[in-house]
Amino acid sequence: MTNGTMLQAFSWYLPADSQHWNRLRDAAPTFAHEGITAVWMPPAYKGEGGANDDGYGVYDTYDLGEFDQKGSIPTKYGTKDEYVAAVAAIRGQGMQVLADIVLNHRMGADATEEVHATEVDQANREETTSGDETIQAWTKFTFPGRAGAYDDFCWDWTCFHGTDWDETTHRKSVWLFDGKHWDEDVTHKENGNFDYLMGADVDLMYDHVYDELLRWGKWYLDLTGVDGFRLDALKHMERNFYLRWLSDLRQATGRELYTVGEYWSGDLSDLQGYLGDERAMSLFDVPLHYRLFSASNSMGNQDLAHIFDGTLVGSDPTHAVTFVDNHDTQPNQALASTVETWFKPSAYALILLREAGYPCVFYGDLYGMPNDGGIPAVAELPLLMEVRRRFAYGEQHDYLDDADLIGWTREGVGEHEGSGCAVILSDRGEGDKTMYVGTSHAGETWTCVLGDEASVTIGDDGNACFDAGAGRVSVYLPQASASALERDPIVRHGQPQASEQTDKG
Ligand code: CA
């Protein structure tokens, strides 16, 4: 088995040039070479912002850049044909494609409707603050630009729980529609009941809507050939919806449909509660992200010995997708919590070189975020990915025994030539640690490939004393493997370019 690595193949401020599908298509061979096994692509359907919408402002899930709607045929990322071609190119390189699925809300309706509704307290949506009112709600979706192609379902207010805008009074608040109630199995820790997030909140368990979303799911899988999903905004959605939707789609297609969900909470018990007994999907390890963020901001005061305490990867590694940053944690986003640059190599070592968890590398870290305050690419990341792909195998020995200096080793396995590695990480001063790498390595010289610590010789007992530099991660490999890395230089490149630029000049 080769180690798996997921790639989140976008960041928040990509240029709105409708070329991203082409960029990903062209980069597919490079991703495969780097050891990527699954590519999470951003939402592919038309949002209310047309060619400028990142895809989360969902307007029409049947318009993957094919119909003249919201001022544009292509989406921010390209056309339907380009999307399908990019999916095929990525899958053709032996990688999975995970589609980003956003079903919590709809935005940019085609018309308003008169709806009876009650206003609720924004800070506690279980409390009504008005009697029965009549508002003009943007809830009528008829998709005139698509004219019934693929599916003629039209949405009206009965498909939604509520909304945040009254067109009559031009007032923003939160209204619950007459006869509707917020979904129960959502998070109640924020806003009393956090079913309502934005736009027109979809009533997911209304039969009419459920049937439509299932029909759409089958259509999408059939058209695009994607292998699975990344699910958006889970804490705002009735838990039973995806349990049923995934199960129905898996049954209908006979496919595994690997799925990872975004349940944004730093509290492990929330994630465990959502996964429940069914374990129908994996979840992003948000608690670990916050540990890494905090370590990067604590001036060495984060207790590294317990960095995995209270994380999903520490308690349920087979359902944990570990990550350092994502599009939501970038600066200026609502969940902004960007891991500081100095700690990024350490953070990536913690998710890439250990046994537990399915790590997800962020496009913004791989390529940098030039449109987002000029955050640089993590220069060490390609090397760490290469070490993961080729050498981070075998039994793991942990030395998570010091608040400022931790380490671990992998013994290596016969199946991966030259495998085995030792990692030592400090968030304060320099130091050293005696660690066991296996007696099969006795007498070998191990060389530091990240950091500039001196080489060490493995003793007859399989131990060696590894040096750590101050405030950084050091990675050691058997000499022959370190030389192999030098012989096979790691492909690195700037922002990928699409080969067929649309010439608007
Ligand atoms: Ca909701």
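Strands β18 and β19 form a hairpin, with five residues between them; strands here are DSSP runs of E of at least two residues, helices are runs of H or I of at least four, and both are numbered from the N terminus. This is a predicted model, in which local features need pLDDT of at least 70, side-chain atom pairs count only at pLDDT 80 or more, and totals for chains, interfaces and linings use all residues. Residues are numbered from 1 along each chain as its sequence is written, and side-chain values use heavy atoms, with hydrogens and water left out.

D398 has W408 of β19 as its bridge partner. Strand β20 (residues 421-426) is also antiparallel to β19, with six bridges joining the two. There, T409 stands opposite A422.

In β19 (residues 405-410), six of six residues are buried, meaning under 20% relative accessible area with a 1.4 Å probe and protein chains only (exposed is over 50%, partly exposed in between). In a regular strand the side chains alternate between the two faces of the sheet. L405, G407 and T409 cover one side of β19, while I406, W408 and R410 lie on the other, and all are buried.

Elsewhere, eight strands form a closed barrel with parallel pairing, in the order β1-β2-β5-β13-β14-β15-β16-β17. β1 (residues 6-8) and β17 (residues 358-362) pair in parallel over three bridges, and L7 stands opposite V361 in β17.

How values were computed. Pairing = 2+ DSSP bridges.
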